[in-house]
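User: I would like to learn how to read a predicted structure, one feature at a time. Could we begin with the way helices pack?

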Amino acid sequence: MLLDIRNLSVSRRKRPVLHAVSLQLRAGELVGLIGPNGAGKSTLMEAALGLIPFAGRSNLASMTPEGRARAAAYLPQSREIAWPVSVEDLIALGRIPWPGGGRGPADRAAIDAAIARMRLEPYRKRTALRLSGGEQTRALIARALAQEAPLLIADEPVAGLDPAQQLACLRLFRSLADEGRGVLASIHDLGLAARFCSRLVLLAGGEILADGPPDAVLRDDLMRRAFGIATRRVDTPDGPAILPV
Amino acid sequence: MRALLVGLSLLVAALFLASLLTGPADFGPLEGLAALIFGGDGPVPIVMHEIRLPRAILGLAVGAGLGLTGAAMQGYLRNPLAEPGLIGVSGMAALGAVIAIQTGLSLQAILALPAAALAGAALGVGLLVALAGPRGGSVTLILAGVAISSLAGAGTALVLNLSPNPYAANEIMFWLMGSLADRSMLHVWLALPPMLVGAALIRTTATGLDALTLGEAAATAMGVSPSALRLRLVAGVALIVGPATAVAGAVGFVGLVVPHILRPWVGARPSALLPASALGGAALLLAADIAVRLVIPERDLKLGVLTAIVGAPLFLHLIWKTRSGGRV
């Protein structure tokens with residue numbers, strides 16, 4: 001079990017944000033976290049990692065900081081890059097949790113693999129701050145990959161990516177899961193979520209409304225309860241398209 | 001990167017030597033060095049050991065300290081405008097020194113003034129930790145630092161305002177401009193040990209500062225504890241800036257400009273900037289301290305005045321350059 005959250009509750013300024021959430025994620029799973037804005041998706045990720053105070057249990061939060069950093073890589077929603085470092089140096093930051101200062105042969109291999117997987121070779125020596133927003137996101141995903149943790153927790157990884165990059169990103173997550181890693185990604189595009197995720201978790205009002213295969217979660221009544229809209233499903237040879245109507 | 005550090009080290013070594021060989025006493029460089037190394041009788045060994053050596057060591061240590069703490073503060077706050085004085089410790093140290101001058105304490109013993117400054121610095125750190133304790137974020141730290149700096153500035157102004165003695169007021173004004181003239185080995189022994197401890201503490205923050213490039217949440221998820229990092233950083237900066245201000249007065253702009261100049265040369269990595277900025281600060285302060293002895297030797301130009309005169313236009317030039325680039 002890569003992620004094991006039991007009865008997790010979070011209150012912020014006495015306002016309950018999450019209430020008794022339980023969620024498990026095994027190796028080989030790509031779990032999509034869906035839900036309306038303010039449902040608590042980011043809060044769930046932060047609490048699972050132990051970055052904010054919470055009640056309940058999370059296997060990641062009970063690890064030592066170093067152990068957790070090697071068990072789970074985290075891509076926060078805010079894409080922060082404070083200094084004009086090169087893309088390569090930015091990705092190398094993912095090696096911080098590993099011993100050896102991040103410049104050993106294993107580190108080099110991990111950094112090169114992350115660059116290759118995100119197709120960032122042409123950008124390797126460029127200044128990360130001078131890239132476009134989508135390119136920065138890809139560099140930051142590569143940073144999380146370089147951490148080589150069995151679990152990747154990504155907060156809206158495809159937000160701001162063009163359609164081709166969105167596909168490439170989810171295909172990459174799919175292949176990570178097929179290799180035996182686990183991915184938890186919050187995602188707003190229901191069609192993409194249905195196509196690529198092995199499981200969807202629908203979060204609304206601080207509680208999990210549904211947890212299961214995409215077809216079981218993307219039901220009309222659940223969508224109406226969570227988002228207050230109806231959806232129309234169009235099955236195509238390339239997978240389902242989910243239209244909000 | 002390595003070439004830069006080697007080059008800066010050579011520059012610092014050359015300037016240290018030049019600092020040892022610059023002064024009004026009339027003897028040749030070889031004679032001076034021989035007296036420094038082999039000792040002997042007469043005035044030359046005394047001038048070298050008691051006047052020039054402490055001055056050169058303090059120039060090196062204070063400059064390196066300001067450069068190092070400036071780079072660390074900028075890295076921690078992720079802001080190129082941060083500088084070591086931001087946490088208010090240098091302001092409080094200056095206030096302690098000013099009170100020592102005003103009360104005549106500084107005339108009682110050679111170390112009374114720096115000791116009073118250190119007491120002020122310690123009080124400042126105490127206030128800072130109380131205000132921005134273990135749970136506060138970086139914004140709380142800045143705000144607390146600004147509040148303490150303003151308080152210290154107001155206290156200094158009050159002492160000047162109410163000073164019945166124009167000579168003391170004059171002396172305070174000159175002390176505040178910063179100088180390394182007429183310091184003894186006692187000053188070196190007072191300032192150097194805490195500064196070395198502070199430098200060792202800041203060295204341990206290097207990885208954490210790198211991780212903070214990605215923001216506080218990502219850094220925490222990579223195993224960096226923000227509160228432990230902040231504590232080590234504040235302690236390290238205080239242990240360097242307090243003693244530096246106590247022995248050299250207020251020397252501005254070094255901690256702000258040096259990291260800024262050197263950042264592009266180290267690929268903007270905060271950890272790589274720490275040693276480079278320490279060397280750069282040492283080089284800048286040694287050069288400035290040589291310049292004040294050469295430019296108008298008879299008028300006692302103050303070190304802090306020169307660093308500001310050189311530093312401010314340099315800073316303007318950098319702003320001009322980044323302005324055209326559009327980004328930091």
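User: At what angle do helix α4 (residues 89-102) of chain B and helix α7 (residues 138-162) of chain B pack, and how far apart are their axes?

Analyst: Start with the angle and the distance between the axes. In this predicted model, α4(B) and α7(B) pack at about 15°, and their axes are 8 Å apart. Angles under 35 degrees count as roughly parallel, and that makes α4(B) roughly parallel to α7(B). Their crossing is left-handed.

User: Which residues make the contact of α4(B) with α7(B)?

Analyst: From α4(B) come Gly91(B), Met92(B), Ala94(B), Leu95(B), Val98(B), Ile99(B) and Gln102(B). The α7(B) side consists of Ile148(B), Ser149(B), Ala152(B), Gly153(B), Gly155(B), Thr156(B) and Val159(B). Sorted by class, the residues of this contact are eight nonpolar and six polar, with no charged ones.

User: How do helix α13 (residues 254-262) of chain B and helix α14 (residues 270-294) of chain B pack?

Analyst: Read the angle and the distance again. For α13(B) and α14(B) the angle is about 125° and the axes are 9 Å apart. That makes α13(B) oblique to α14(B). The crossing of the two is right-handed. On α13(B), the contact is made by Val254(B), Val258(B), Pro259(B), Ile261(B) and Leu262(B). On α14(B), the residues include Leu273(B), Ala276(B), Gly280(B) and Leu284(B). Nine residues of this contact are nonpolar, three are polar and none is charged.

User: What are the angle and axis distance for helix α4 (residues 105-117) of chain A and helix α5 (residues 133-146) of chain A?

Analyst: The angle is about 140°, with the axes of α4(A) and α5(A) 8 Å apart. Roughly antiparallel is kept for angles over 145, and α4(A) and α5(A) are therefore oblique to each other. Their crossing is right-handed. Ala110(A), Ile111(A), Ala114(A), Ile115(A) and Arg117(A) of α4(A) meet Ala142(A), Leu145(A) and Ala146(A) of α5(A). Seven of the residues in this contact are nonpolar, none is polar and one is charged.

User: Now the strands. How do strands of a sheet pair?

Analyst: They pair through backbone hydrogen bonds, and the pairing is either parallel or antiparallel. A sheet can be described by the order of its strands. In chain A, three strands form an open sheet in the order β2-β1-β4, with antiparallel pairing. At the edges stand β2 and β4 (55-58) of chain A, each with a single partner strand, so one side of each has no neighbour in the sheet. Direction ignored, neighbouring strands of this sheet are turned by 15° against each other on average.

User: How many bridges join the strands of that sheet?

Analyst: Strand β1 (residues 3-12) of chain A and strand β2 (residues 15-25) of chain A run antiparallel and are joined by seven bridges. One residue to look up is Val10(A), whose bridge partner in β2(A) is Leu18(A). The hairpin of β1(A) and β2(A) has two residues between the strands, and in it Arg13(A) takes a positive phi near 50°. On the β4(A) side, three bridges join β1(A) to β4(A), again antiparallel. There, Ser9(A) has Ala55(A) as its bridge partner.

User: In what order do the six strands of the other open sheet in chain A lie?

Analyst: The order is β5-β6-β7-β3-β8-β9, and the pairing is mixed. Its edge strands are β5 (72-75) and β9 of chain A, each of which pairs on one side only. In the hairpin of β8(A) and β9(A), Gly205(A) takes a positive phi near 60°.

User: How many residues are in contact between chain A and chain B?

Analyst: An interface can be read by counting residues on each side. Here 22 residues of chain A are in contact with 21 residues of chain B. Helix α2 (residues 65-71) of chain A gives the most to the chain A side, with four residues. That side divides into 15 nonpolar, two polar and five charged residues.

User: What scores does the predictor give the complex?

Analyst: The complex has an ipTM of 0.92 and a pTM of 0.92. Chain B averages a pLDDT of 91, and 98% of its residues score at least 70. Where pLDDT is low, the predicted coordinates should not be read in detail.

Key: Residues numbered from 1 in each chain as written. Chains lettered and ligands numbered in written order. Predicted model: local features only at pLDDT ≥ 70, side-chain atom pairs only at ≥ 80, totals over all residues. Contact = placed C-beta atoms within 7 Å. Nonpolar A, V, L, I, M, F, W, Y, C, P; charged D, E, K, R; others polar. Axes fitted to C-alpha atoms, helices over the stretch in contact; angles between N-to-C directions. Parallel < 35°, antiparallel > 145°, perpendicular 65-115°, else oblique. Left-handed = near helix turned anticlockwise from the far one by under 90°. Pairing = 2+ DSSP bridges. pLDDT = per-residue confidence, 0-100.
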